[in-house]
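Here are my notes on the model you sent over. Have it open while you read, and take the points in order.

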Amino acid sequence: MKTILRPLAWLLALSTGTVAWAAQSAEPSMSLEQAVTQVQHETGGKVLSASTVRRGRSSFEHRVKVLTPTGHVRVVTVTTEASKAPASSDSTKNPSSDGGSNKEKH
């Protein structure tokens, strides 16, 4: 009986590890280019830089640095999940408590 259960246990362990690895290697549902376009549209500014950072197993964060029409530099964060579900519009905002902590005057 042990000789039958041992290979089954190995197969179960391998398949579970494969699923976990697949979840970790998933791509964000919104591309960096899409996030840049969205931030450009929302702010009306010029994009200075953009990057993507992984936040957990299925969450990504696009950071877009923008020069606003008023001359301020803002970093707008767009959070997206690895699933196919669209990100909510609230996740694209980068609110600050005092209204000016994420701005630099140039």
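**Notes on the model**

1. Let me start with Pro 28, which sits in the loop between helix H1 (2–24) and helix H2 (32–43); helices are DSSP runs of H or I with at least four residues, strands are E runs of at least two, and both are numbered from the N terminus. Pro 28 is partly exposed, at a relative accessible area of 22%. For these labels, buried is under 20% relative accessible area, exposed is over 50%, and partly exposed is in between (1.4 Å probe, protein chains only).

2. Some ground rules before going on. This is a predicted model, where local features need pLDDT of at least 70 and side-chain atom pairs count only at pLDDT 80 or more, while totals for chains, interfaces and linings use all residues. Residues are numbered from 1 along each chain as its sequence is written, and side-chain values use heavy atoms, with hydrogens and water left out.

3. Now the confidence. The average pLDDT (the predictor's confidence in each residue, from 0 to 100) is 74 for the protein, and 54% of the residues score at least 70. Residues 18–23 stay under 50, and the model gives them one contact beyond four places in sequence; contact here means heavy atoms within 4.5 Å. Residues 84–91 are also below 50, with six contacts in the model beyond near neighbours in sequence.

4. The overall layout is two helices and four strands, running α-α-β-β-β-β from the N terminus on. Of the 106 residues in the protein, 20% are buried. Looking at contacts between residues at least 6 apart in sequence, 42% join residues at least 24 apart. The protein exposes about 7500 Å², with carbon and sulfur atoms supplying 60% of that; the areas come from the Shrake-Rupley method with a 1.4 Å probe, and for residues only the protein chains shown count as cover.

5. Which residues does Pro 28 contact, leaving aside its neighbours within four places in sequence? They are Phe 60, His 62, Thr 80, Glu 81 and Ala 82. Pro 28 and Arg 54 are 26 residues apart in sequence, with 8.9 Å between their C-alpha atoms. Another pair to look at is Arg 57 and Ala 26: they are 31 residues apart along the chain, and their C-alpha atoms are separated by 8.4 Å. Arg 57 itself is in the loop between strand E1 (46–54) and E2, and it counts as exposed because its relative accessibility is 57%.

6. Thr 80, in strand E3, deserves a look. It counts as buried because its relative accessibility is 1%. Its side chain makes a polar contact with the side chain of Ser 29 at 2.7 Å and reaches the backbone nitrogen of Met 30 at 3.4 Å. A polar contact is a pair of N or O atoms within 3.5 Å; within protein, one must be able to donate a hydrogen and the other to accept it, and residues adjacent in sequence count only if both atoms are side-chain atoms. Not counting residues up to four places away in sequence, Thr 80 touches Pro 28, Ser 29, Met 30, Ser 58, Ser 59, Phe 60 and His 62.

7. Next, the hairpin. E2 and E3 pair in the antiparallel sense over nine bridges; strands pair if DSSP finds at least two bridges between them. Four residues separate the two strands of this hairpin, and Gly 71 in the turn has a positive phi of about 90°. Val 66 stands opposite Arg 74 in E3.

8. Apart from residues up to four places away in sequence, Thr 68 touches Gly 45 and Arg 74.

9. Last, the charges. The structure holds two salt bridges, each being a side-chain nitrogen of Lys or Arg within 4 Å of a carboxyl oxygen of Asp or Glu. Glu 61 bridges to Arg 55, with the closest N and O atoms 3.7 Å apart, and Arg 63 bridges to Glu 61 at 2.9 Å. Glu 61 counts as buried at 15% relative accessibility, whereas Arg 55 is partly exposed at 40% and Arg 63 is partly exposed at 31%. The shared partners join Arg 55, Glu 61 and Arg 63 into one network.
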